[in-house]
Amino acid sequence: MTISTVSSWRELDDAITRASRPTSPRHAHSTLVFRGLARTDYSHVSGLARLRGDYATLERHLIRNFRKYAHREAPGPTMWDWLALGQHHGLPTRLLDWTFSPLVALHFATASWPDDDALLLAVDCQAAHRLLPASLGAVIEREGALVFTTEMLAREAPDLDRFDGLDGGSPFLVFFEPPSLDERIVNQAAVLSALSDPTCHMEEWLDDHPDLWWAWRIPAEVKADARERLDQANVTERVLLPGLDGLAAWLRRYYSPDLAQQDEREGGASMDGIAEPVRQQEGSMSPSGG
């Protein structure tokens, strides 16, 4: 599937509407999840992979020590609850942040780098879950759910070793809702994804399943129009990042639109706000040279 370039806010809105139409009688609403990138040369690389080197071997140490030193927190009883908590606070994990809301994803795609083209990605999570191993597929089928909860995942994969061992040599992708740790997660309609191989990048999975996703390149002039529409609709930092930090970020951007902070640690993908600058080729989700 190629990346489509939109020429207006209306064209983008219509494209999202067409892609979001339910295709299954099991779900009355859209089965898509969205992710926004403020620059098209950012990639969907996990925080864990950004450590580089033999990062996969570091994963268990990161999680073990995070749980040890954050023992006063109570995100939930499962390892997946702790993994979501770590992701929420910047721990390098294999998880990526998504949202059920295209407007939330567009906020993160348009809140910074106003002179650069942005990217909006959508993945059909229902279709992705049809590719799950039988045991995990049975869990979500039995619940009749669109995405997993942490408890549902823990039934068949109480830890990452068990999770990775289910793939049978072909990495699979799961989407799950994090626990409602705070208003930020709730307001952003947050969803997390996990690949069953920490060394497999999202771009690789997307290239292997081109019929399960849509992507739209948003030129800078369309990005500016989308940003104005989002501000009018109150889809802003003040709402999506509740608290004084979000309020200050909204005021800084709103009153200095030509000086929007251009920091690689901001304006990247939904929720995590950190993106890896890797050049992508038009029509492919893979990083160049990868």
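Reply: Start with burial: a residue is buried under 20% relative accessible area, exposed over 50% and partly exposed in between, using a 1.4 Å probe and protein chains only. In this chain of 290 residues, buried residues make up 54%. The model is predicted, so local features need pLDDT of at least 70 and side-chain atom pairs count only at pLDDT 80 or more, while totals for chains, interfaces and linings use all residues. Residues are numbered from 1 along each chain as its sequence is written, and side-chain values use heavy atoms, with hydrogens and water left out.

Me: How many helices and strands does the chain have?

Reply: Helices (H or I, at least four residues) and strands (E, at least two) are DSSP runs, numbered from the N terminus. The chain has 13 helices and nine strands.

Me: What share of the contacts in the chain with a separation of 6 or more comes from residues 24 or more positions apart?

Reply: A contact means heavy atoms within 4.5 Å. Of the contacts with a separation of 6 or more, 75% are between residues 24 or more positions apart. Tyr42 and Leu119 give an example of distance in sequence and in space: they are 77 residues apart along the chain, and their C-alpha atoms are 8.9 Å apart. Tyr42 is found in strand β3 and is buried, with a relative accessible area of 0%.

Me: How do I read two packed helices, and at what angle do α1 and α4 pack?

Reply: Two packed helices are described by the angle between their axes and the distance between the axes. The axes are lines fitted to C-alpha atoms, for helices over the stretch in contact, and angles run from 0 to 180 degrees between N-to-C directions. Helix α1 (residues 9-20) packs with helix α4 (residues 102-110) at an angle of about 135°, and the axes are 12 Å apart. That makes α1 oblique to α4; angles under 35 degrees count as roughly parallel, over 145 as roughly antiparallel, 65 to 115 as roughly perpendicular and the rest as oblique.

Me: Which residues in α1 and α4 meet?

Reply: From α1, Trp9, Leu12 and Ile16 meet Pro102, Leu103 and Leu106 of α4. By class, this contact of α1 with α4 has six nonpolar, no polar and no charged residues. Here Ala, Val, Leu, Ile, Met, Phe, Trp, Tyr, Cys and Pro count as nonpolar, Asp, Glu, Lys and Arg as charged, and the others, Gly among them, as polar.

Me: Is Ile16 buried or exposed, and what does Ile16 touch?

Reply: Ile16 counts as buried because its relative accessibility is 8%. Not counting residues up to four places away in sequence, Ile16 touches Phe34, Pro102, Leu106, Leu120 and Trp216.

Me: How do I read the two faces of a strand, and which residues of β2 point each way?

Reply: In a regular strand the side chains alternate between the two faces of the sheet. In β2 (residues 32-37), Leu32, Phe34 and Gly36 point one way and Val33, Arg35 and Leu37 the other. Six of the six residues of β2 are buried. Seven of the seven residues of β5 are buried, so β5 is largely enclosed by the rest of the structure.

Me: In what sense does β2 pair with β5?

Reply: Two strands pair if DSSP finds at least two bridges between them. β2 and β5 (residues 118-124) pair in the antiparallel sense over six bridges. Leu32 stands opposite Asp124 in β5, and Val33 stands opposite Val123. β5 also pairs with β8 (residues 213-218), in the antiparallel sense over six bridges. There the bridge partner of Leu120 is Trp216 in β8.

Me: What is the phi of Arg52, and where does Arg52 lie?

Reply: Arg52 has a positive phi of about 65° although it is not a glycine. Arg52 lies in the loop between β3 (42-43) and α2 (59-69), and counts as exposed at 52% relative accessibility. Trp113, also not a glycine, has a positive phi near 50°. Trp113 lies in the loop between α4 and β5 and counts as buried at 12% relative accessibility.
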